[in-house]
There are 4 protein chains.
Amino acid sequence: MPETVFEVDQSKSMRDQAVPGHNRWHPDIPLATMVRPGSEFRVECREWTDAQLGNNDSANDVRDVDLSVAHMLSGPIGVEGAEPGDLLVVDILDLGPCQGPQEYGDAPGQGWGYTGIFSKQNGGGFLTDEYPDAAKAIWDFHGQVATSRHLPGVRYTGITHPGLFGTAPSAELLARWNRREQALIDRDPDRVPPLALPPLVQSSLGGQATGSLAEQIAREGARTVPARENGGNHDIKNFTRGSRVYYPVHVADAKLSGGDLHFSQGDGEITFCGAIEMGGFIDFGVDLIKGGMETYGVTTNPIFMPGNVEPRYSEFLTFIGISVDADDTNEYLDATLAYKRACLNAVEYLKKFGYTGEQAYLLLGSAPIEGRVSGVVDIPNACCSLYLPTAIFDFDIRPSAAGPAKADRGMSAVAG
Amino acid sequence: MPETVFEVDQSKSMRDQAVPGHNRWHPDIPLATMVRPGSEFRVECREWTDAQLGNNDSANDVRDVDLSVAHMLSGPIGVEGAEPGDLLVVDILDLGPCQGPQEYGDAPGQGWGYTGIFSKQNGGGFLTDEYPDAAKAIWDFHGQVATSRHLPGVRYTGITHPGLFGTAPSAELLARWNRREQALIDRDPDRVPPLALPPLVQSSLGGQATGSLAEQIAREGARTVPARENGGNHDIKNFTRGSRVYYPVHVADAKLSGGDLHFSQGDGEITFCGAIEMGGFIDFGVDLIKGGMETYGVTTNPIFMPGNVEPRYSEFLTFIGISVDADDTNEYLDATLAYKRACLNAVEYLKKFGYTGEQAYLLLGSAPIEGRVSGVVDIPNACCSLYLPTAIFDFDIRPSAAGPAKADRGMSAVAG
Amino acid sequence: MPETVFEVDQSKSMRDQAVPGHNRWHPDIPLATMVRPGSEFRVECREWTDAQLGNNDSANDVRDVDLSVAHMLSGPIGVEGAEPGDLLVVDILDLGPCQGPQEYGDAPGQGWGYTGIFSKQNGGGFLTDEYPDAAKAIWDFHGQVATSRHLPGVRYTGITHPGLFGTAPSAELLARWNRREQALIDRDPDRVPPLALPPLVQSSLGGQATGSLAEQIAREGARTVPARENGGNHDIKNFTRGSRVYYPVHVADAKLSGGDLHFSQGDGEITFCGAIEMGGFIDFGVDLIKGGMETYGVTTNPIFMPGNVEPRYSEFLTFIGISVDADDTNEYLDATLAYKRACLNAVEYLKKFGYTGEQAYLLLGSAPIEGRVSGVVDIPNACCSLYLPTAIFDFDIRPSAAGPAKADRGMSAVAG
Amino acid sequence: MPETVFEVDQSKSMRDQAVPGHNRWHPDIPLATMVRPGSEFRVECREWTDAQLGNNDSANDVRDVDLSVAHMLSGPIGVEGAEPGDLLVVDILDLGPCQGPQEYGDAPGQGWGYTGIFSKQNGGGFLTDEYPDAAKAIWDFHGQVATSRHLPGVRYTGITHPGLFGTAPSAELLARWNRREQALIDRDPDRVPPLALPPLVQSSLGGQATGSLAEQIAREGARTVPARENGGNHDIKNFTRGSRVYYPVHVADAKLSGGDLHFSQGDGEITFCGAIEMGGFIDFGVDLIKGGMETYGVTTNPIFMPGNVEPRYSEFLTFIGISVDADDTNEYLDATLAYKRACLNAVEYLKKFGYTGEQAYLLLGSAPIEGRVSGVVDIPNACCSLYLPTAIFDFDIRPSAAGPAKADRGMSAVAG
């Protein structure tokens, strides 16, 4: 365990830390710390909502979560010598939930985590038209394994990863983001949920910035929800231990920030906070490839090499979806719709074994499922497929002439 | 090797076989043969275009291919006792290119296969705006391994699978397909390439049907390009040896048909005939789960369990794409665009090593790459990722401070 | 499928082929054919006993098998330019049971194979003290999958490989072999089974040699049972499709020979013909590393790189053995004994589910189990471990509080 | 992280802990703590020699290590309700080097570990005839990855596991052990290294036992080096995170003890302390299968199911050994010799790239290599194979016509 360069006291808001983090992307957020290429260091992280959620059996906290505070990020961490045009090489050496004296407590990551279905009124999730109400599952950690009292019959090894890390945007890049996202919002400004989230002064946190700089960050800073050219909220479950990421550098010192640690997540993170959300720690090694953006043509997004200790499953039950909606509307090569249909097909299947739709939805968001873009050229139907590992269940979920083992499988936490 | 219930002479068109197959979906195509649940049998297949492509160094044949004849399917194979509402259990026991006396010859699958980029005028592919012209790579088979004179430096084990198998639609289901696809075409009837393909009398082949039945099939039969509720052209690369598929049954006897065998394919099959296309054989075992559609809630698409002998890779270089187009237009959670951007990012990277864009595109279509729907809830940006196995190259494609190993890597076949 | 350079008519003995093979190692066996470095070719093979075993329910044929005729090898195949000191690079492109018109028939490999427990009077197997009597299981092939009427409840994908391939020994090497093996025999000349097998004129076959050369080969030729410096009967189950082997070259033209194809085998091949034995075909590519023996220090045994399409299992039940015999005799770091004890522990476990000891023994010999040398330094006990994939059973073999699912599981073929 | 039931202060000897552990197996060692079936708990461990080795560049400490103090075990941990005849179900939830305030320091496991070749005078290792002198490599931990200044060019993910855990023997079982091991010693009492290690009063530690009980334990207690019927020093590298072990219970409360944590190890642990040795922590869950020894026939050794997060490699270079010694002496089906020859073949190969023999030997002991019992029936030659993952090297170790990339690769620590 290397030196901790960003510390978090899990009993306090990110705002009240000795060195607070930030919740907007902006080039001028002051550095929290500085590291050298070749060094290894630890970063502690808050859970992404700054711990608005509790270890309880009600989903009221999911329903009412204030998204203006998210994501609470640790950083920015400066890397000596990094200049625009470089690739920042980041090794994910280790990560996990809160350690040592902070291992148990009230904040997510302190021995537990949660998966939530967001209310359609509050952003919603991938299946928000079918499941518009808030729901929640609490997960207990047993070493690398998770179980949930809200999802009996399921037990799996977490594919632990950070949801969100990235470098700071340049002022020009930030301006482009705000411009193109506002153009999208303008297509349907009153949509619920909205098409995108513009800068928002309310609840903005700009690290150690104060006064007019803090105000400028609040006014201009990009929201952290989407992935963009700096990396950001990829929610790619394969950023596991042992991964090496190559981030484009857009500003001097690179300014690496991040958080949103996940104990596990399925491809798509379909319930919105569909991962098992937690605070915790992440250990990095960093290096630079000078001028690497041009040399390797890596200009619009990071590239990475996944680690080699992902949980190993060898048997899967696979669900298929095509770009035809439930009302038989046919969309043109729409992989989003195809994956949504594959998810809904999986939900219907799992309901035959006694799970509620919400339970199945929470499960698909958090378990190590694979979501593949299988065919995207066979007009008019995109075809996506969802691979559910059979070994995560303590009963046999494979189809057979005997029919499914239906049982009372409880229910998720709901709002009420 | 079990009994061959559908034979193909690779020197002849599918039309001229002793028992011809078909190239449209229709409930009334006469059975080619009948099998019993519990039995195992072999089906021989033509390459999907009925062998319009040749083992040569010009892409003129790709440019000029007549799509009205595709896909040439073997079948229908009746399964005794199958009734609407059942699940047809299909084991893929083995498959491969042409065997025995037909192992070498002029038809794809006779010792060789091809990958083609379709011309934008003739359907195009996933990157047709960026690569509108026809191109082709010829692959030679070495046991389970493929190499191409048009893609030097690359060698990989094929993830061999059928692109297309399915049961016959009922008359009602067929009518629904034609209705919803026509509604899609009507949104932009003059688009190039078209949004969907309506029934087409020209070149229709209805198996052993003649006279008015053949005419009805030609008039009503659905084109085989997209995957639908009967299975069909999934182009899911994971239908490998050892897979078990559960197809919904929509008509008496199930009427299983298929073809479009692939020696290898990457997720998405992005060049349209992006797989390594071939004729060959496939060995099946079949069984029934009576009433399984309702019992398991499998009503809109097949489900399946992949085989356990896929080629095993453990190191990948991963490219990421988000739903922001090259001109900075931001689309809302558009996984198709995100995957397209990931593909283009990979193409740009590979060009740094000396490949042409067309070569890189052909490679990504045919090699065993993984395409994942990573994040589809982080508004507004969907995030997809493309995993390229590093071991398929005979040089090191990982980024390093030393820079890429640029070399003269030849070129694909082009049209001229 | 490349050109066949060694043909086998499965209805005839290896002696009666147009170009017969051989069953002894000797430098002067005449070449059957010649190939060039860089070429690919097919070799057809007889089952190792020359098809003395039948597809029936008696083990009398195992009990009475004449071992003086084994192994019947295809070859020798000369490689142009190969000289002593080179490494012969051999790619295993493909292999499998008999194809085309020979796919069904009476010889092993024609749609079926067998696993046999040898009688202690006739060589015995690894557990011959515990299981001294002949027994047999017949396996049916379903594509890449095997099932046996003598082992109900089991179904697995074969890890198909050649048991035996090698180059010819030089005269000096052959003399060393005969010398050291006779020295071993001399330690206990009357042992049953014997410690080693000396040259044997009876039933010797020297390819196309006749007259005094044939007599010399018969007199001097080394038996083919053990692996030696030329490769030979490794029975390493990981020589699967896609493997690349580097054989030492001891004579001009290398003289590659082999056979003893296995549809599947567990580590150790514990029942002696513990694999699923078959005739069939194997496709090779060959090349040379000139002077490679010295350059790479590969002088006493071949080295190889396994293929990447082995069946993939991820859950195993593991049995442990240490070098303490059943009567509490403690041997010093004896890995053979430790592995034997692990095998016996596995047999006892499987008997609790209803299998006979012979069935369990046959299963462990043929299924894709892993046998590992786990600890060989913790005096006095070597520790070996045996990994049994749980997915090959159609019932749950994991321990639980509920106890094992005992059932009538039939029995193996026995002698009588 | 569950409650710690056995604490270790890494700055003190195991003898001086608040609750000391033990270094002999005996039924009467007093319980250190008691847990309930269904509970999860943490156990802290000393490195096996009680930290006699240092993070330095001399192997004098390896040469002079006092083995009478080993292995220093944590425990015994009583499990409520456990009775002789039960199976103790032990889940390995997590493990790793020292955490929190003890993460850095002078004891192995505090940020570093070591691999040692023992001197032939002091027990030796697997290749002690070829490498009789002490040598050492120090490893630095980077998350799950290890590197060594004594083995440049190598970097790998640890297959972290405990070398030694077990239940207490009954008095009868202990007497059997002492009897059979003395019989072995008596075959050659003056051998160097010895054939086995009898009870030894010197340095004996019996936990909290004092007075005559401590003396009895010292007099009768079995040495901890070998694996036996209670589990013990298996050194099976596959006891990784996520494993479930079923230990036979021989005494009331089971009395689970253990330690000897390894950051990584190759099959065989060939240098004797061939693993990367460390102190640290291990998290367990426990349960009971009442009467399970008889029910499942698990009477002589534990059984287990490996975890599913082992490092994933897919390309290996494999070395083969047969039971013929360097002087051409042929042994009968001797797997120990065959594995030794495979190891020596690998050492010779690695020397061609610039490593010293000691470096190669240290590497094979500690890296995640697979050692397989491939053939044990092909008289007279046992055949073992050793699978070296190619990805652990930062240069290409595969054979090629170009020859090996020889370089100055430094040297191990040696004694002087």
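**Chain pairing and helix packing in a predicted model**

In strand β18 of chain B, the residue that bridges to A:Phe304 is B:Thr318. This is a predicted model, in which local features need pLDDT of at least 70 and side-chain atom pairs count only at pLDDT 80 or more, while totals for chains, interfaces and linings use all residues. Residues are numbered from 1 along each chain as its sequence is written, and chains are lettered from A in the order in which they are written.

**Chains A and B**
- Strand β17 (residues 303-305) of chain A runs antiparallel to strand β18 (residues 316-322) of chain B, and two bridges join them (strands pair if DSSP finds at least two bridges between them; strands are DSSP runs of E, at least two residues, and helices runs of H or I, at least four).
- In chain B, 86 residues are in contact with 86 residues of chain A (C-beta atoms, placed from the backbone, within 7 Å).
- Helix α5 (residues 335-351) of chain B gives the most to the side touching chain A, with eight residues.

**Chains B and D**
- Chain D is superposed on chain B by a rotation of 180° with 0.0 Å of shift along its axis, with RMSD 0.0 Å (least squares on C-alpha atoms of residues with pLDDT of at least 70 in both).
- That is therefore the relation of a two-fold axis, and the C-alpha of chain D nearest the axis, that of D:Ser314, lies 2.8 Å from it.
- The same surface serves both copies, since 100% of the contact residues of chain D recur in chain B.

Conventions
Two residues are in contact if their C-beta atoms, placed from the backbone, lie within 7 Å.
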